[in-house]
Amino acid sequence: MPRAGEGVALDQDALAETQRWIEHLTGGSLDEEGGFQAALKDGKRLCALINAIQPGTIKKISDSKIAFKQMENISKFHNAAVAFGVPKEDIFTIPDLYEDKDIGGVVRTVQAVGRHTQNLEGFAGPYLGARLATETKRTFTEETLRKGAGEMSAWSGGKTMIQERTNFTGTERMGKDITDKAISDRDAAAAASPDAPKPAAAAEESSAPILLSIPLRIGEGPELVLVLHEDETPEDAAEAFCNLHGLPDPSPFVTALGNALHPPVEEEEEVVEREEGDCLISPFAKNAVAKKNKMTPEEIQAEMAELKPKVVAELNLLRTDPVAYGDKLALLLPRFDGMMYTRPGREEDEATTTAEGAKALQRAIDYLQGGKVQPATAFTQVEGLDLTAQDGANQIRYSAGMGSVGKQQHSTSLTRAEAYGQWKVLFSEVNCTHTRVPEGIVAELCLCDGDKTHRMLRDLLHPDLKVCGVGCGPHPTMEYACCVSLAGGWGPKPVDKRRIVFCKGGSEPDDRFMEVLNSVPEPDFIDELIDQISQGSDVHLNYTPSGVDAKITDSEGEVTEYNLEWEEDE
């Protein structure tokens, strides 16, 4: 359920009033620091506001640019606000401010703090907001209370808010993140509807885990996600989806969910044991691809091994100098003849039809050279993501009538990644077909033919996606397939049980300590603790699969404690 006030249009007068109050108490203009959200994002201004109201309340304010340290500042403001008397339900969440998700909620919280300063001894103002009401006691009968509770539950849709693991970007991604967004949109629409479901029905819908999610696009509209919970029927999920998006006929979506739950059974073929980086595929499919490309399996493997690092090198040319890469892409414009495109590495008589022609490539060039794209650090290629990407490429290669891909056939990019290790912060995956040369593969990913948002290109340039893996191989009908898996960081599979470990300041962390530390899905947190140890601080970690408590004791005996929580993998 959205919090009270969530989704309400931002009150510009309240925003301006709140900004003036913060500036009066802390000094300096928020506009000079990028505006309200940008100036408050690191939490320093909020902590300074608390100390201006009641000096010494927050004793240590971090100046670090590391994300979780800035979030720690925001958390200190939260704690102080509650101590001033602001109800917890009136406190904005960290993503509301840090990810710019609900600035109205931030404004309401600061105004609540301003109102509650009226009751603080030693603070002479200025105050913010309406005067606090004095207590008026009322007595209600049990019947009245029950009626009010029923009406409140019906208004809210009977749902509870679930706060997911924080991500540091609003970029739309495949898999889990986009599914969470769909559920949030669906819940918000249900709560706002005048025909909101009664408490019992709503509770049934909201409490169950997600069984299935299907990304889809209707016509030229945005990408949507069809979600099925474990306790829903396909008919119920399809009807909810249509109600949310104003669609008249749920039957196509019932069919889509049914096919995903019970894929058509094809004739069984012999399968081989799965090797790392390869799907369960039939010998027939392997032989068909090899025959189509007139290459032996050994030759195919050798070509793939040689191509992967070259693709990464080409991607890094794009990331480190987007403007120059735009010039390189411009050299491909003459390869278009109307809607026909002759890709790099192919002859003129091998041109294929595109959806937009040269317009899509020109749009990518304009995006790279328009002044809004900043150079990013080069990708680091990691083995776990290579294996993930190869599974993705094999799904493309051996589906569509070329034999069975076994258990991997209906896997998602996230489940494939989690089979090999743990991605950190962000995860995305991009893919293309039709070309087997590095320049052609990267050009195809930049082209984004038919996608005016250039989602793949934006992900390739995203500064928080720092490691990658490449999978590729011959395709039976489209010459070649390539898949690139991207993440903010990568580590081994996380420890799946509770552990308490310790590292003495100034010493080398042992394998047991590092195994636990690398299970934390936050690279900045890991780097910070390694840095603290090197500076002589003792570090205690109390780890569970869903969170970690860290206690850091520096050389002078000062203790700092951190707590991180995340969603436990099922």
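**A buried asparagine, and a look around**

Mentor: Asn316 counts as buried, because its relative accessibility is 14% and buried means under 20% relative accessible area, with a 1.4 Å probe and protein chains only. This is a predicted model, where local features need pLDDT of at least 70, side-chain atom pairs count only at pLDDT 80 or more, and totals for chains, interfaces and linings use all residues. Residues are numbered from 1 along each chain as its sequence is written, and side-chain values use heavy atoms, leaving out hydrogens and water.

Asn316 sits in helix H13, residues 297-320; helices are DSSP runs of H or I with at least four residues, numbered from the N terminus. Setting aside residues up to four places away in sequence, Asn316 touches Ala378 and Phe379, where contact means heavy atoms within 4.5 Å.

Now let's turn to another buried residue. Ala364 belongs to helix H15, residues 358-369, and is buried at a relative accessible area of 0%. Again leaving out residues up to four places away in sequence, Ala364 touches Cys446, His454 and Leu457. The C-alpha atoms of Ala364 and Leu447 are separated by 6.3 Å, although these two residues are 83 apart along the chain.

Finally, here is a helix pair to find on your screen. In H4 (residues 67-84), Phe77, Ala81 and Phe84 meet Thr109, Val110, Val113 and His116 of H6.

Notes. Axes fitted to C-alpha atoms, helices over the stretch in contact; angles between N-to-C directions. Helix = DSSP H or I, 4+ residues; strand = E, 2+ residues; numbered from the N terminus. Buried < 20%, exposed > 50% of the residue type's maximum accessible area, 1.4 Å probe, protein only.
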